[in-house]
Amino acid sequence: MLRRPRRLRANKAIRNLVRETKLNVEDLIYPLFVVEGEGIKSEISSLPDVYHFSIDKLAEEIEELKELGIEHVILFGIPHDHEKDACGSEGYNDNGIIQRAIRKIKEVDSEMNVITDVCMCEYTSHGHCGILTEGGYVDNDQTLEYLAKIAVSHVKAGADMVAPSDMMDGRIQAIREALDKEGFEHIAIMSYSVKYASTFYGPFREAANSAPAFGDRKTYQMDPANTNEAIIESELDVLEGADILMVKPALSYLDVIRRVKDNFDLPLAAYNVSGEYAMLKSAVKNGILAEGAIYESVMSIKRAGADIIITYFAKDLAKMLKK
Ligand SMILES: [Zn+2]
């Protein structure tokens, strides 16, 4: 007797019935870039269809996301250049760009899950993710104090979850302790636990104006060649109290996503980063690939083991999934 797997591909309903992996709009987190100023909704040239928003323009965008069924956003703030300093103090200013953006979003839609990226690079004059020593090395333990202050300030402003992206050792524990001390023991931490020093962040750096003024981030972000290290980083974050783990970038690291998923029981996020988005989006916009390539590529991230996907494609996908 011939085994005939084609029977289960016979029509759309059957294919839907036996689909092993499902991509849902609930899985998606949409990144938002918030800038100072008024009346600004300007397209980021390296990220087609992604915008910088001033706070007064956020309401429209949040309404649109809500209509599309997108329930989660992750915020990145871009302060004025003159507000940047060596210790990124604008990052923990209770009236800083992110803190005001959180309050605005919560005012528009109190149910929107507001996650904030916790790092210093958008706020430091040198563009590194921490406090620099004289030799230009990022001082790990001094940086922890500042990260904790930023996280507390975001939560005070109303953030539902914080996502530290700096890759300092011990930051999850430092942030957990600081949040607990302020009575925020109910706030979850989504850790950028496995973050590689990747070229695929290029367009984001333009979007967030956060490229380092000198050197690179290889003394804190991971070597793209390593996967055992992904297990070590994840394990440390679990022990320090992370609630969600993350692998970043996603598409060139599908094997890492699978390895982390197989080794840990926490929910796993993956960041489908700006370079991955920009490549595919330009191919679709220029008619080189059909839109289905977006679904297929984000599906590969889910299939690899990610439960949660941070993606600039969230709006495109929400529309596609409705069809
Ligand atoms: Zn950073």
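Helices (H or I, at least four residues) and strands (E, at least two) are DSSP runs, numbered from the N terminus. By that scheme, Arg205 sits in helix H6, which covers residues 202-208. Welcome to a short tour of a predicted model, in which local features need pLDDT of at least 70, side-chain atom pairs count only at pLDDT 80 or more, and totals for chains, interfaces and linings use all residues. Residues are numbered from 1 along each chain as its sequence is written, and side-chain values use heavy atoms, with hydrogens and water left out.

**Annotated sites and the largest cavity**

- UniProt, in an unreviewed entry, lists Arg205 and Arg217 under "binding site"; its positions are given in the numbering used here, feature names are shortened, and annotations may be inferred rather than shown by experiment.
- Both Arg205 and Arg217 are included in the lining of the largest cavity.
- A cavity here is a set of points, on a 1 Å grid over the protein atoms alone, where a 1.4 Å probe fits but cannot get out, and lining residues have an atom within 4 Å of a point.
- The unreviewed UniProt entry also gives Cys119, Cys121 and Cys129 as "binding site".
- Cys119, Cys121 and Cys129 are likewise included in the lining of the largest cavity.
- Cys119 is located in the loop between strand E5 (113-118) and strand E6 (131-132).

**Helix H2 with helix H3**

- The axes of H2 (residues 58-68) and H3 (residues 97-108) come within 10 Å and cross at roughly 50°; axes are lines fitted to C-alpha atoms, for helices over the stretch in contact, and angles run from 0 to 180 degrees between N-to-C directions.
- H2 and H3 are therefore oblique to each other, given that angles under 35 degrees count as roughly parallel, over 145 as roughly antiparallel, 65 to 115 as roughly perpendicular and the rest as oblique.
- Their crossing is right-handed, meaning that the near helix is turned clockwise from the far one by less than a right angle.
- Leu58, Ala59, Ile62 and Glu63 of H2 make the contact with Ala101, Lys104, Ile105 and Val108 of H3, where contact means heavy atoms within 4.5 Å.
- Six nonpolar, no polar and two charged residues make up this contact; Ala, Val, Leu, Ile, Met, Phe, Trp, Tyr, Cys and Pro count as nonpolar, Asp, Glu, Lys and Arg as charged, and the others, Gly among them, as polar.

**Helix H7 with helix H8**

- H7 (residues 228-240) packs against H8 (residues 254-263) at about 45°, and their axes are 10 Å apart.
- This pair is therefore oblique, and the crossing of H7 and H8 is right-handed.
- On the H7 side Asn228, Ala230, Ile231 and Ser234 meet Val256, Arg259, Val260 and Asn263 of H8.
- By class, the contact of H7 with H8 has four nonpolar, three polar and one charged.

**Helix H10 with helix H11**

- H10 (residues 292-304) and H11 (residues 314-322) pack at about 105°, with axes 10 Å apart.
- That angle makes H10 roughly perpendicular to H11.
- Gly292, Ile294, Tyr295 and Val298 in H10 touch Leu317, Met320 and Leu321 in H11.
- The contact of H10 with H11 divides into six nonpolar, one polar and no charged residues.

**Backbone details to check**

- Most residues other than glycine have a negative phi, and most peptide bonds are trans.
- Asp49 has a positive phi, near 70°, and lies in strand E3 (residues 47-54).
- Lys248 and Pro249 are joined by a cis peptide bond, with omega about -5°.
- Pro249 belongs to the loop between strand E11 (245-248) and H8.

Methods:
1 Å grid on protein atoms, 1.4 Å probe; cavity = no way out; pocket = protein on both sides within 12 Å on 5 of 7 lines; lining within 4 Å.
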